[in-house]
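Dear colleague,

Please find below the structure that I am handing over to you.

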Amino acid sequence: MALTKDGIVDALRRVNDPELHRDIVSLGAVRQASICDGHAMVRLSVSTRDPAARERMKRDAETAIRAAAIAAGERLKQVDIDFADAAAGRPPAPDGGAPAKPRQPGGALPGVRHIIAVGAGKGGVGKSTIALNLAVALSRAGHAVGLLDGDIYGPSVPTLLGLDQFEQQVVGNMLQPFYVHGVKAVTIGKLIDPDKPLIWRGPMAHGAFSQLVNQTQWGELDYLIIDLPPGTGDVPLTMAQLLSLTGAVIVCTPQKVAQDDAVRAAKMFQQLGIAVLGVVENMSYFVGDDGKEYDLFGRGGAEQMAQRLGVPYLGGVPISMALRRNSDEGDPSANFSAEAGNARLKAALEEVARQVGAQAALASTRAGIPAGGARPELTIS
Ligand code: ADP
């Protein structure tokens, strides 16, 4: 009994992506597998650019294939495992990144793997806070991340990221994103007079949003997180026309009134043909000084709503004085500090980022686009 290509693929089911916590076969990361004359070859396409994570997957894949060969009584002479993308092992691009290339309307942004919108049915539920902390958490996990403040009616990213003292840089006609807390960010809030009310008519909203998308030098990104305005207005429509998204995340508080609005937001995304990656419950519970968790608003409401909608629940984030203070001070990195008392907030934010990463990878696989961005070509011979 010899080791076959199917045997190799089966063996690779035991290899997990260390960031997405799923096996590389179900994630669609195996692009090619073949065996000929004792020489096994595998090509992987993975989302992480962390060289250590890639090295680990490579090592685990080789171990799994060699174990399968022994079980099949096959003597392997060589096992070659490589990565499909040219970016293999390359660290995230520094601020500025590669020069922007012209973009196809309604398509992907060149160099950007996953575009994820964060929306909410109503204002004040912590949508911008979750979008920003999701971006910081993904960056801390080793990804190259951008944040587009698409909340053009009430941009809060300048405050949340502490951009007050920075000036917007423009090179040619391209905005250079701010590079803060490991995230490349742009916001309309740094392009307008902060004291003037932002009244955009439909076409103006369209124009403002598309300029932020198209005239920013994003460089290469694993994730571009878009913080949408609350509700179901012009911006999501423009976004759906301009961009092909991996999916949308909905932020909701536990109460019934917030859920009703969130259901409308979910239906809007579905109507626009945007996959809903899942629901985050913000202000889910409160952790007292005694370390106990207090259920202030009816914890679990968003999870039940997610079940009703048939979309994943991505986790809950506590209502936290530290989070409020760090947001006001423009210091989201402090939400991830290892200080005592911060553990539950940090763990909750990191878990949401892990879940979003896993759902993004799954959504791309379902859409037939592996995490590497290109169409799959599983040529098993
Ligand atoms: P939205 O984008 O939904 O309008 P924001 O993200 O701007 O809401 O949040 C509104 C306010 O609530 C901000 O002052 C923010 O710091 C605070 N906030 C959001 N989430 C939390 C939380 N989990 N704990 C404490 N304060 C929070």
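I begin with the contacts between charges and rings. Arg 299 lies over the face of Tyr 285, 3.9 Å from the ring centre. A charge is taken to sit over a ring if NZ of Lys or CZ of Arg is within 6 Å of the ring centre and within 35 degrees of the ring normal. Arg 54 is likewise placed over the face of Phe 83, at 4.7 Å from the ring centre.

Please note that this is a predicted model, in which local features need pLDDT of at least 70 and side-chain atom pairs count only at pLDDT 80 or more, while totals for chains, interfaces and linings use all residues. Residues are numbered from 1 along each chain as its sequence is written, and side-chain values use heavy atoms, with hydrogens and water left out.

Rings of Phe, Tyr and Trp (its six-membered ring) pair if their centres lie within 6.5 Å; planes under 30 degrees apart count as stacked, over 60 as edge-to-face and the rest as tilted. By this rule there is one aromatic pair. Phe 166 and Phe 178 form this tilted pair, with 6.5 Å from centre to centre and 50 degrees between the planes. The two residues are 12 apart and link distant parts of the chain: Phe 166 is in the loop between helix H4 (157-160) and strand S8 (169-171), and Phe 178 is in strand S10 (residues 178-180). Helices (H or I, at least four residues) and strands (E, at least two) are DSSP runs, numbered from the N terminus. Phe 178 is buried, at 7% relative accessible area, whereas Phe 166, at 36%, is partly exposed. Buried means under 20% relative accessible area, exposed over 50% and partly exposed in between (1.4 Å probe, protein chains only).

Strand S3 (residues 30-36) has five of its seven residues buried, so it is largely enclosed by the rest of the structure. Six bridges join S3 to the antiparallel strand S4 (residues 39-44); strands pair if DSSP finds at least two bridges between them. Ser 34 stands opposite Met 41 in S4. Two residues separate S3 and S4 in a hairpin, and Asp 37 in the turn has a positive phi of about 55 degrees.

Finally, the ligand. An oxygen atom of the ligand is 2.8 Å from a polar backbone atom of Gly 124, and a backbone N or O atom of Pro 318 lies 2.9 Å from a ligand nitrogen atom. Polar contacts here are pairs of N or O atoms within 3.5 Å.

With kind regards

Notes:
Polar contact = N/O pair within 3.5 Å; in protein donor to acceptor, adjacent residues only side chain to side chain.
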